[in-house]
Structures are given as structure tokens and as C-alpha cells.
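Please open the structure in a viewer and keep the selection tool at hand.

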Amino acid sequence: MDRTQFLLALSVTLFSLGLVGVVVRRNALVMLMCMELMVNAVVLSLVTFAARNGSASGAAYVFLIFVVAAAEIAIAIPIVLLLQRQRRTLDVGAYIELGG
Amino acid sequence: MIETALLYLFAAAATAGALVMLVARHPMRVALGLIGTMLSLACLYALLGVHVIAVFQVLIYVGAVMVFMVFVIMLLDTRDPSFVTRYSRLVLPGVLTAALIAAVLGALLARRHVGGPRIAGVADFRLQPFSARFLAEYWLHFELTSVLLLVVVVGAIAVIRGRGGRDG
């Protein structure tokens, strides 16, 4: 197995583990962190291709993704804190009525 | 030779961090697992020769995002029931779905050579040449990210304080 293929396989593994985490864990903050893991897995595949093809635009794109991910966290964390303030728990089961 | 060994070592470390995230009970341990995964990925990027992205990964993800996350975890109440029971009722369907997705992607990966022919790019990913090229070609995008960050700051304040314009 060559290096590109190995890194893509690692990316698939991390993505699946992150997906399992989002679905099975109860704590909203932990689910958020598992989503970060999924983002990291996808970025790994992008970096692998960018490094393989020697593409500078790929690396610039990764930088933009990092900024957007940081922005996403900066909005998501206040929402988690508001949830905590509302019901005193982060168990997503307590917010089941939000499912409609 | 040593590069291959390091590649496998950091890949194993990244996977181990992700597994810790799945089984750890306390969110702080989950955060530490995620930090371990991110640092291993940064090492992998450095091994690939993409030094700038390795630096970004450590600075932005581990330095900013995860420190923020750790602070929030310390603010939380440890008697929260979601700290004690780890898993929801969806354990079996979740694991099955993820296994299915992993199987499909893995089969795709194993069947053919991915990514098509190699494009002979000439980009230099070391810090100095890449930074010069980045700011010469992508200066507008770089500046636009600061607009995005400003919007996020305003948005975060609005989420925390905004209830019909008054302080929450």
C-alpha cells in the first residue's frame, strides 16, 4: 500500500470513528468534538492530495477551512453554554422536543 | 525507512486518540484524545512536507479551538448525567452505519488507484516560500477571513446576549 492510499485509509477510519461518536454519545459537547474529528479526517485527505500534486492552492484552501472551523466552534460553544444554562444538562436526550 | 516507521507510528497514535474519544467518560478526557489526534495529524502533515499546514494545525486547532473547548469543559457541572452515562440508545445503529460507510469507502480505496494521474505541481510547502506565494496570490482571501472572524465575534455576542435586543 503506497503512502497516499495509506493516508486516505486513515482518513476513512477517523471519519467513521467521528461519525460513530456523533451518533452514540449523549453529551452535546462531546458530539461537537467528534464533529471536529470528522472535519480533521476530511482535511487529512485534502492535504494528502495537495501534497501529492504539489498544489499551493490546496494548501491555501486548507488554511481557509481551518479559519471556518474555528469560526464554527466560536458560534457553537456559546450555544452549548446557553443550553447548559437553560436546562442544567448537556444530555441531548433532554432536548428531544427540538426534533419536532 | 525511518519516515515509514514514523508514518505508521503517528497514524496509530491518531487512531488511538479517536478511540479514546469514543470510550472516555469525562469530556476532558475526550478533549485530550482529540488533542492527541490533532497533534499526530500535524506530525503526519510535517512528514508529508507540508510544513505550513502542520503549523496551522497546531496553532489554530490545538492552540485556539481546543484551548477554548477545555475552558468550557471546566465551566461545566460535573454532576451532569450525561457525564455518567456515555451512550445513547442509538449505539447499535450508529456503529452499523459507520461500519457500512467505512466498508464502502475502504472497498473503493482498495479497488482502484485513487486520485488519478499525478499532476506535476511545483509548489514548495516550506514556510518561507509558501508564505510569500500565499500572500502574493491569496491576499484577498486572507483579508476576507478577517471579515469572517469579525462576523463570528459579533454573532457570538449576539447569541449570548440577544433576547430581543436586551441583555439575556
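At what angle do helix 1 of chain B and helix 2 of chain B pack, and how far apart are their axes? In this predicted model, the two helices pack at an angle of about 160°, with their axes 8 Å apart. Because angles over 145 degrees count as roughly antiparallel, helix 1 of chain B is roughly antiparallel to helix 2 of chain B.

**First selection: the helix pair in chain B**

Select helix 1 (2-23) and helix 2 (27-47) of chain B. The crossing of helix 1 of chain B past helix 2 of chain B is left-handed. On the side of helix 1 of chain B, the residues that meet helix 2 of chain B include L6(B), L7(B), F10(B), A14(B) and M21(B). Their counterparts in helix 2 of chain B include V30(B), L34(B), T37(B), L41(B) and L44(B). By class, the residues of this contact comprise 15 nonpolar, five polar and two charged.

Now widen the selection to chain B, which holds seven helices and zero strands. Of its 168 residues, 21% count as buried. Among the contacts in chain B between residues at least 6 apart in sequence, those joining residues at least 24 apart make up 51%.

**Third selection: the contact between the chains**

Next, display chain A together with chain B. Their contact takes 61 residues from chain A and 72 residues from chain B. On the side of chain B that touches chain A, helix 3 of chain B gives the most, with eleven residues. That side of chain B has 53 nonpolar, 14 polar and five charged residues.

Turn to helix 1 (residues 3-24) of chain A and to helix 2 of chain A, whose axes come within 8 Å and cross at roughly 165°. These two helices of chain A are therefore roughly antiparallel to each other. Their crossing is left-handed. The residues of the contact divide into 17 nonpolar, seven polar and one charged.

Select residues 56-87 of chain A, which form helix 3. This helix has 32 residues and reaches 47 Å from its first C-alpha to its last, close to the 46 Å expected at 1.5 Å a residue. Colour its buried residues, among them A56(A), V62(A), F66(A), I73(A) and I77(A). Against what do the buried residues of helix 3 of chain A pack? They pack against helix 2 (28-53) of chain A together with helix 3 (51-75), helix 6 (127-137) and helix 7 (139-161) of chain B.

Within helix 3 of chain A, centre the view on A74(A). Is A74(A) buried or partly exposed? A residue counts as buried if 20 or more other C-beta atoms lie within 10 Å of its own; A74(A) has 18 and is therefore partly exposed. Not counting residues up to four places away in sequence, A74(A) touches V152(B) and A156(B). A distance may also be drawn from A74(A) to F49(A): these residues are 25 residues apart along the chain, and their C-alpha atoms are separated by 29 Å.

**Last selection: R88(A)**

Finish at R88(A), in the segment after helix 3 of chain A. Although R88(A) is not a glycine, its phi is positive, at about 65°. R88(A) is exposed, with 12 other C-beta atoms within 10 Å.

Note on methods. Residues are numbered from 1 along each chain as its sequence is written. Chains are lettered from A and ligands numbered from 1 in the order in which they are written. This is a predicted model: local features need pLDDT of at least 70, side-chain atom pairs count only at pLDDT 80 or more; totals for chains, interfaces and linings use all residues. Helices (H or I, at least four residues) and strands (E, at least two) are DSSP runs, numbered from the N terminus. Two residues are in contact if their C-beta atoms, placed from the backbone, lie within 7 Å. The expected span of a helix is 1.5 Å times one less than its number of residues. Axes are lines fitted to C-alpha atoms, for helices over the stretch in contact, and angles run from 0 to 180 degrees between N-to-C directions. Angles under 35 degrees count as roughly parallel, over 145 as roughly antiparallel, 65 to 115 as roughly perpendicular and the rest as oblique. A crossing is left-handed if the near helix is turned anticlockwise from the far one by less than a right angle, and right-handed if clockwise. Ala, Val, Leu, Ile, Met, Phe, Trp, Tyr, Cys and Pro count as nonpolar, Asp, Glu, Lys and Arg as charged, and the others, Gly among them, as polar.
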